[in-house]
Amino acid sequence: MELVGKHAVVTGAAGGIGEALAERFHAEGARVVVADLQASAAGDVADRLNEIRSGSALAVAADVGTEEGNRNLVAAAEHAFGPIDLFFANAGVGIGRGPESPESEWELAFNVNVHAHRWAAKYLLPGWLARGEGYFCSTASAAGLLSQIGSAPYTLTKHAAVAFAEWMSITYAHAGIRVSCLCPQGVNTAMLRAGDDPSTGISSSVVRSAGRVLEPADVAAVAVATIAAETFLILPHPEVLTYLQRKTGDYDRWLAGMSKLQARMLAGS
Ligand SMILES: NC(=O)c1ccc[n+]([C@@H]2O[C@H](COP(=O)([O-])OP(=O)(O)OC[C@H]3O[C@@H](n4cnc5c(N)ncnc54)[C@H](O)[C@@H]3O)[C@@H](O)[C@H]2O)c1
């Protein structure tokens, strides 16, 4: 899908990958809804885009970790710019360690990283099915195809995000609905930097040692190319596909390798 003249909604767009997606979609000629919990930062992004093309961006304060937040976001976007052509469920949280992590962290991870996607779909699908078109994108992670050393909640929820995107594609391709799923490794954002403090987030040294850390704008460029091609996996780190092939080619070998990698990382930390 080409983005010129389209209406795109991006969640988690006040910063990081979401901000870069919103900026890039706007540069491609889309009208963009910048949705985030952080209302004032989302407003700054929308103001910047409106300075470039007046009336082409709207900030919406939304907590997508609730059903109501998604319902209100879809309604506000449609009220402002009409039917939504592309919805990018990008907001996410990188929290939690193992089964002992507080229930509140597990709940937040599932609400924002997984349930947000199905709540958005619930309010998007009636219009998309009636019109016979719509594009659903979600941000999972390479951790959703492989694993996240050190965080069970992140691993589980990102796998679930990939699974939901797959299910959407399988179920609605015949109805004209296209689906893509963004699965990056390290990207230089606040989420990655939060992991520099080992008491919070996912250890950034683990992410950095897994491979190249990209800039958000690089990720957005790959997203636009993949959306134009209408293929499923958005892979800013193409080597993730090789890792996935190795995993499925010999699961036990892959598990043993990951286990060794974790031991090396623990020894180094
Ligand atoms: N940075 C990385 O290395 C990396 C790698 C793989 C995947 N990801 C994924 O990319 C996505 C974007 O992350 P990022 O790295 O840009 O992080 P970020 O922390 O810079 O941005 C996340 C944004 O989501 C918003 N957000 C969080 N909870 C929300 C909620 N309930 N409702 C609305 N907005 C909410 C935050 O306010 C923030 O603006 C996430 O899904 C993350 O899991 C990031």
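I began at the end of helix α4, which is followed by G132, a residue whose phi is positive, near 75°. Helices here are DSSP runs of H or I with at least four residues, strands are runs of E with at least two, and both are numbered from the N terminus.

I noted that this is a predicted model, in which local features need pLDDT of at least 70 and side-chain atom pairs count only at pLDDT 80 or more, while totals for chains, interfaces and linings use all residues. Residues are numbered from 1 along each chain as its sequence is written.

I then checked the length of α4. Its 29 residues (103–131) should span 42 Å at 1.5 Å a residue, and its end C-alpha atoms are 40 Å apart, which agrees. The expected span is 1.5 Å times one less than the number of residues.

I looked for a bend and found a kink of about 50° in α4, centred on H115. The bend is the angle between axes fitted to the seven residues ending at a residue and the seven starting there.

I listed the buried residues of α4, among them A109, H115, W119, A120, L124 and W128. A residue is buried if 20 or more other C-beta atoms, placed from the backbone, lie within 10 Å of its own. The buried residues of α4 pack against α3, β4, β5, α5 and β6.

I turned to F87, which is in strand β4. F87 counts as buried because it has 28 C-beta neighbours inside 10 Å. Leaving out residues up to four places away in sequence, F87 touches V9, A120, L124 and F136; contact requires C-beta atoms, placed from the backbone, within 7 Å.

Notes: A residue is buried if 20 or more other C-beta atoms lie within 10 Å of its own, exposed if 12 or fewer, and partly exposed in between; C-beta atoms are placed from the backbone. Two residues are in contact if their C-beta atoms, placed from the backbone, lie within 7 Å.
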